[in-house]
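Here is a short tour of how some pieces of this protein pack against one another. Have the structure open as you read, and look up each residue as it comes along.

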Amino acid sequence: MAEYNLVSECVGLITLRNPPVNALSAAVRQGIVDTVQRALSDPNVKSVVICGQNGIFCGGADIKEFGSKMTGPPLIPMFHAIESANKPVVAAIEGSALGGGLELALGCHYRIAHSKARLGLPEVTLGLLPAAGGSQRLPRLIGVPAALSLITTGRHVTAAEALQLGIVDQVTDHNTVDAAVKFALSVAGRSLGPRRISAHPCPQQPDLDALFEEVMQKVRQSARGAIAPIACVQAVRAAATLPYAQGMERERELMATLFTSGQARALQYCFFAERAVGRWRMPSGARWDTSKPRPLHKAAVIGLGIMGRGITVALAQTGLSVIAVETQEKQLMEAKQAISGMLERGAKRRGVAPALDRVIYSQNIQAVADVDLVIEAVFEDIALKTKVFQQLSAVCKPGTLLCTNTSALDVDQLASETPNPELVVGMHFFAPAHVMKLLEVVYGPRSSPQAVATAMQLGKKMGKASVAVGNCRGFVGNRMLKPYIEEAFFLLEEGATPELVDQALEEFGFAMGVFRMSDLSGLDVGWRIRKGEGLVEPGTASGRSTRIRQGRRYSPLGDLLCEEGRFGQKTGRGWYQYDKPGSRVARSDPWLHSFLGAYRAQHGLVARRIDHQEVLERCLYALINEGFHILDDGIAAGPEDIDVIYVSGYGWPRHRGGPMFYANMVGLAKVLERLEHYQQLHPEVPHLQPSSLLRKLVASGSPPIHKWGEAIKKLHSQL
Ligand code: COA
Ligand code: NAD
């Protein structure tokens, strides 16, 4: 797993071999120990170069080994052996040097990187810290502020930034191994003392205490309950204030706490879940056929409202030519300006030229005749969308994929209105579409695997977390959100306030509580949907309306606020008040509290004390319960798909793994017991009725999450 060759007569070349990313598995670690020993004891060898095969230096520790008992040589003594070698050791960094990979390079005396390489210590994103000396060596090499910035965020830096920071000694555009060998020859025989990073103190830093205090405050705020970023600050502080050996001891202690924490397990689960959903598969667990995605050069977007604009930007930034169609002249002019602005700002951030000329605007749908893919984003109206799809079928060249960005309409119904339903899929983006990471790719029973594969690959190219889901009302994300929001409304009726509910959810780790989120996205969106479902009754404002509608408990609170013109941030009033329309700072609103009091009195409801635990259990378990229904219905292929959707699109705290992982951590029996408890108290609320899949999983001994797929398959085959 590490190959040794003698090159240029006196350079020992060690090549890590462990596809695909040369992770430091037990076998690779053993290989490094053996080959380093061999190079150091070979009298012909004057210097050593370490590189990785297939254009990647090393993707770090083997994450797959984390759950099992450690075998093979540990990293820390291995890096010490390299650092204390009496011959220069040079790291030749191509592709990535991440985590343990960068720690290995920091153990070397010199580092040469290819200009396209990326370096970083991303352990924090896996709930850990760089615990093979990384937290102690990096601050000594580049100073405390820069090391804190890298270690607490896990961000990757380019070779150019690494050179500027002093992480690497040289950057090359040519063959990195050749450059490193040449370099190794040039430094043979030089004194290595100054090159041993662990022997240095950290560069002097004025006001160290104030710096750490400020960083700790910032990190605590952004961590939203995650413990690893805080441990990272503590480890760097040890590097800045203690001798190396003591710093290493502190690094070890902090790592021991993190390693066994549920958070590290959750974050590592997320890492693999994100990759699993990319290899999209059927709910039965079988892979879809291996049809290759279609190559895409030219795309079209129909409708340049909020969504169409973001989608156009995302497509153009991916390198596609885009025909952007909007029928309303005023909208078209505004969209043109908005899209150009977004492209310019995006290009400035990424240091590239804006792709303005990749977008051609038109008011005529005929302009899309020769595109490979169309994304429709007109108003949410089935008659209008049907008309647009029929026009597209007539205008587009044969084989063009037709995608809809509908948030709730039936993708299969739309497909059935076209002569080629196999070419129709949903591409459900989230607002703003060029920023939000999530994309639900919705397949109907007739969508061809190639159409789904093409949409999935396009999503990946756009940098989205793309998840293939079946066709149902609300798909996965919004379907699960409905019971969550309804429970929050019911809690207000029973005595809670928006502040209390949001605080409980934000302390749990959500980016935003349900009411702040609703104010941000606009209360009128849900109002329009409920009207469409026939749930909004006239006379609501007079208090004459019922609280049981369509046979189930219904809270008209959201409708009442809309009738008052309180649509959230955009109107300056919603569940909270804002200084002016569009302002983002939510302030408690006395009007809302007296409104809730009057509403309760009108309906004979007596407010009771509601605690955080009840908020979490009712909102989250209702959402999780819907997740089990979704798995049972085969709408999501597995729990990973649901979890990736919630973590990447709905602000679920990543360190809690996603709703289904959380249910697994809490224990399925406990989730079931609490749902049964609340269902008894609220029999008129169907979403508190535990799903039959949850019951069956508990009855079969609550298998761990990675075995749910198998268990579901078995349960379905017994039907
Ligand atoms: N340990 C084990 N497996 C790893 C791994 C690691 N450190 N890094 C990547 N892999 C696996 C992935 O799970 C994936 O496996 P799959 O093909 O079975 O799904 C495969 O390698 C390719 O990874 P992927 O992320 O899809 O490839 P990429 O080219 O887009 O990105 C990296 C490559 C190295 C940038 C990326 O994989 C990465 O960031 N890895 C994690 C690095 C890290 O956090 N290291 C610190 C560990 S403590
Ligand atoms: P919007 O009202 O902002 O924009 C719709 C645009 O389509 C308007 O500019 C309108 O003039 C244009 N249009 C109407 N008919 C047209 C036609 N025949 N040809 C070309 N253009 C036409 O709407 P939006 O919020 O961008 O939503 C668009 C779609 O995306 C809807 O299906 C919606 O459900 C879905 N969606 C919206 C969000 C969101 O947060 N806004 C999120 C996900 C999905």
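Please keep in mind that the model is predicted.

**The cores**

Let us begin with the inside. In general, nonpolar side chains in soluble globular proteins tend to be buried together. Here, the largest nonpolar core has 104 residues. Val368, Val501, Trp575 and Phe628 are the members with the most contacts inside that core. Helix H23, which spans residues 612-633, supplies the largest share of this core, with ten residues. Another core lies apart from it and has 73 residues, including Ala2, Tyr4, Ile93 and Ala117.

Leaving aside neighbours within four places in sequence, Phe628 is in contact with Met660, Leu668, Ser691, Leu693, Leu694, Leu697 and Trp708.

**Two helix pairs**

Two packed helices are described by the angle between their axes and the distance between the axes. The table gives these values for two pairs.

| Helix pair | Axes come within | Crossing angle |
|---|---|---|
| H23 and H27 (residues 692-699) | 7 Å | roughly 90° |
| H25 (residues 659-666) and H26 (residues 668-681) | 5 Å | roughly 95° |

Take H23 and H27, whose axes cross at roughly 90°. That angle makes H23 roughly perpendicular to H27. On the H23 side, the contact is made by Asn625, Phe628, Leu631 and Asp632, and on the H27 side by Ser692, Leu693, Leu694 and Leu697. Sorted by class, the contact of H23 with H27 has five nonpolar, two polar and one charged residues.

Now for H25 and H26, where the crossing is at roughly 95°. These helices are therefore roughly perpendicular to each other. Ala663, Asn664 and Val666 in H25 meet Leu668, Lys670 and Val671 in H26. The residues of this contact divide into four nonpolar, one polar and one charged.

**A threonine in H5**

Our last stop is Thr152, placed in helix H5 (residues 144-153). Is Thr152 buried or exposed? Thr152 counts as buried because its relative accessibility is 13%, and the cut-off for buried is under 20%. A polar atom of the Thr152 side chain lies 2.6 Å from the backbone oxygen of Leu148. Not counting residues up to four places away in sequence, Thr152 also touches Val124, Val219, Pro229, Cys232 and Val233.

Note on methods. Residues are numbered from 1 along each chain as its sequence is written. Chains are lettered from A and ligands numbered from 1 in the order in which they are written. This is a predicted model: local features need pLDDT of at least 70, side-chain atom pairs count only at pLDDT 80 or more; totals for chains, interfaces and linings use all residues. Side-chain values use heavy atoms; hydrogens and water are left out. Axes are lines fitted to C-alpha atoms, for helices over the stretch in contact, and angles run from 0 to 180 degrees between N-to-C directions. Helices (H or I, at least four residues) and strands (E, at least two) are DSSP runs, numbered from the N terminus. Angles under 35 degrees count as roughly parallel, over 145 as roughly antiparallel, 65 to 115 as roughly perpendicular and the rest as oblique. Contact means heavy atoms within 4.5 Å. Ala, Val, Leu, Ile, Met, Phe, Trp, Tyr, Cys and Pro count as nonpolar, Asp, Glu, Lys and Arg as charged, and the others, Gly among them, as polar. A nonpolar core is a set of buried Ala, Val, Leu, Ile, Met, Phe, Trp, Tyr and Cys residues joined through side-chain atoms within 4.5 Å. Buried means under 20% relative accessible area, exposed over 50%, partly exposed in between (1.4 Å probe, protein chains only). A polar contact is a pair of N or O atoms within 3.5 Å; within protein, one must be able to donate a hydrogen and the other to accept it, and residues adjacent in sequence count only if both atoms are side-chain atoms.
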